[in-house]
Amino acid sequence: MEVSYGTVWNDCLDVIRENVGEENFNTWFKPISPLRVDGDVLTIQVPSQFFYEWLEDNYVPVLKKAIHTVLGPTGRLEYSVVVDSGNRQSPPVAVNYPANGAGNRRSAVNTNGFSDDYSPFQFKALNPQTVNSRLNPTYSFDNFVEGDCNRLARSAGVAVAKKPGITSFNPLMLYGGVGVGKTHLVQAIGNEIKANMPNKVVLYVDQNDFTNQFLNALQNHKLQDFQNFYLQVDLLILDDVQFLAGREKTQEMFFHIFNQLHQSGKQIIMTSDCPPRDLKGFQERLLSRFKWGLTADLQEPDFETKLAIINRKMLADGIQIPTEVSEYLAYSVDTNLRDMEGVLNSMIFHATLLKKEIDLELAKEVLKNIIKEIQSDVSVDFIQKTVSEYFKVDLDAMKGKVKKREIVIPRQVAMYFCKRYTQLTLALIGENFGGRDHSTVIHALESVEDMMKTDPNFKSSVEELGKKLKLRVS
Ligand code: ADP
Ligand code: MG
């Protein structure tokens, strides 16, 4: 019999609702969406790693009870943690635990497309030829278009690829916003080194893989193996380090690995969404290491670079695109290159499978359909600025510690929008408001929800603000 995952999850929610208070229910269970039911395994999607950890620390008994009630005693729960929903290269990471087992997240199984040889627990000595570097071979320097926006970063990348560990660009830290090509560039470096220096062990990890493996090792008393594994790497690429924020133990371990690798002349490459000085929730000594080598930024691509990227991508798929169309796209898709890729893929789909001619009309149609779905991340800064302007309160006061009611409410509203419109964990939202902790943020979210229920004027203000913030999104 086919069971609908929606129904299964709704039944679970009924059980959960009876066991947790309404506020907790709204905060922790409403944002979850069911993904699938496979036999007696229900997979749910949770919005972030933090969320997942919170559930695991606080709600395992309730979740178990719900799953057992609905799916029977063999029922199990699997989480899919949304790590970076906009990144098409890496699917969301799924971490599982058996609801009828120890309920222990640290025995989590990482199913992020890893091959088994990657497990830090199985490795003794690494063989550079067979180690899974986790590189995507489609990323190369050849198909990375050079422009003013990325020239320094690209040249540094080329230099490192020629002489890993030997230049003063160690570590190489590349930073920039969403879709500016950080992952592409660091993977291109990895691919180049792997191709030219087959004896080097190259490894690409994103912070999430690193964190999960570390937690796994910690739980299984395999920290030594974990370290041994990483210390054999000649080129370590750690993508999106900003997500290590607030993870002290993981940072500690990374600090150690970093020092050892650096001392023995191994190359380290990292990416981040902001320069090291703006990284929050990091130990100072780790930040100072990040600055040892070269820090280079990638900017939003300018018009010419975008045009070249569009033409190259279409040509790679054997499609000629009229100039007016590529220019139109370069002008109109102004969110980021990942969104551009979505638009181009859709054009390619129309051209090859539906045999439509690529012209301005088609471009406009595709854009109209896709742009609506594009929900680029609104930044915390933008939310704070918009909210403070709307309520006419001083921005710094709102971000700070002032306890006056006329400041506190806008602050809570800004936190509320940070939760809704960004991927930040509660702890990091707190960081952005004068270093408050996650429970303060939870309290803020609850207050805003409560006020919206009881005060229609407040509710319409919040809705109006929501529209303002969204306007920027679409
Ligand atoms: P980031 O890691 O900075 O968020 P990505 O490296 O994932 O961005 O880039 C997003 C998409 O844009 C990828 O498909 C990538 O290949 C493409 N891209 C970005 N910059 C360039 C460039 N300079 N030339 C060609 N393609 C690019
Ligand atoms: Mg990336």
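## Ligand site

In this predicted model, an N or O atom in the side chain of Arg338 is 2.4 Å from an oxygen atom of ligand 1; a polar contact is a pair of N or O atoms within 3.5 Å, and within protein one must be able to donate a hydrogen and the other to accept it, with residues adjacent in sequence counting only if both atoms are side-chain atoms. Backbone atoms also take part: a polar backbone atom of Val180 is 3.2 Å from an oxygen atom of ligand 1, and a backbone N or O atom of Gly181 lies 3.1 Å from an oxygen atom of the ligand. On its own, ligand 1 has 550 Å² of accessible area, of which the protein covers 94%; accessible areas come from the Shrake-Rupley method with a 1.4 Å probe, and for residues only the protein chains shown count as cover. Two or more residues of the shell come from each of α6 (182-196) and α13 (337-352). Helices (H or I, at least four residues) and strands (E, at least two) are DSSP runs, numbered from the N terminus.

Ligand 1 is surrounded by 17 residues, and the closest are Val145, Gly179, His184, Arg338 and Glu341; a residue is near a molecule or strand if one of its heavy atoms lies within 4 Å of it. The shell comprises seven nonpolar, seven polar and three charged residues, where Ala, Val, Leu, Ile, Met, Phe, Trp, Tyr, Cys and Pro count as nonpolar, Asp, Glu, Lys and Arg as charged, and the others, Gly among them, as polar. Because domain 2 (151-298) and domain 3 (303-367) both give residues to this shell, ligand 1 lies between them; the domain bounds come from an automatic or database domain assignment.

## Conventions

Residues are numbered from 1 along each chain as its sequence is written, while chains are lettered from A and ligands numbered from 1 in the order in which they are written. In this predicted model, local features need pLDDT of at least 70 and side-chain atom pairs count only at pLDDT 80 or more, whereas totals for chains, interfaces and linings use all residues; side-chain values use heavy atoms, and hydrogens and water are left out.

## Overall architecture

The protein contains 20 helices and ten strands. Of its 474 residues, 53% are buried; buried means under 20% relative accessible area, exposed over 50%, and partly exposed in between (1.4 Å probe, protein chains only). The accessible surface comes to about 22,100 Å², and 50% of it belongs to carbon and sulfur atoms. Contacts (heavy atoms within 4.5 Å) between residues at least 6 apart in sequence join residues at least 24 apart in 71% of cases.

## Buried helix positions

Helix α8 (residues 223-231) has the buried residues Asp225, Phe226, Gln227, Phe229 and Tyr230. Their cover includes β7 (202-206), α7 (207-219), β8 (235-239) and α9 (248-263).

Val325, in helix α12 (residues 323-332), is buried because its relative accessible area is 0%. Beyond its neighbours within four places in sequence, Val325 is in contact with Met347, Ile358, Asp359, Leu360 and Ala363. Thr386 belongs to helix α15 (residues 380-391) and counts as buried because its relative accessibility is 11%. Leaving aside neighbours within four places, Thr386 is in contact with Leu465, Lys468 and Leu469; its C-alpha atom and that of Lys468, 82 residues apart along the chain, are separated by 8.1 Å.

## Loops and backbone geometry

Most residues other than glycine have a negative phi, and most peptide bonds are trans. A cis peptide bond, with omega of about 5°, joins Asn170 and Pro171; Pro171 lies in the loop between α5 (151-162) and β6 (172-175). Asn170 is also among the residues touched by Lys266, which lies in the loop between α9 and β9 (267-272) and counts as buried at 18% relative accessibility.

Two non-glycine residues have a positive phi: Arg134 at about 60° and His221 at about 55°. Arg134, in the loop between β5 (109-110) and α5, is buried, with a relative accessible area of 18%. His221, in the loop between α7 and α8, is exposed, with a relative accessible area of 74%.
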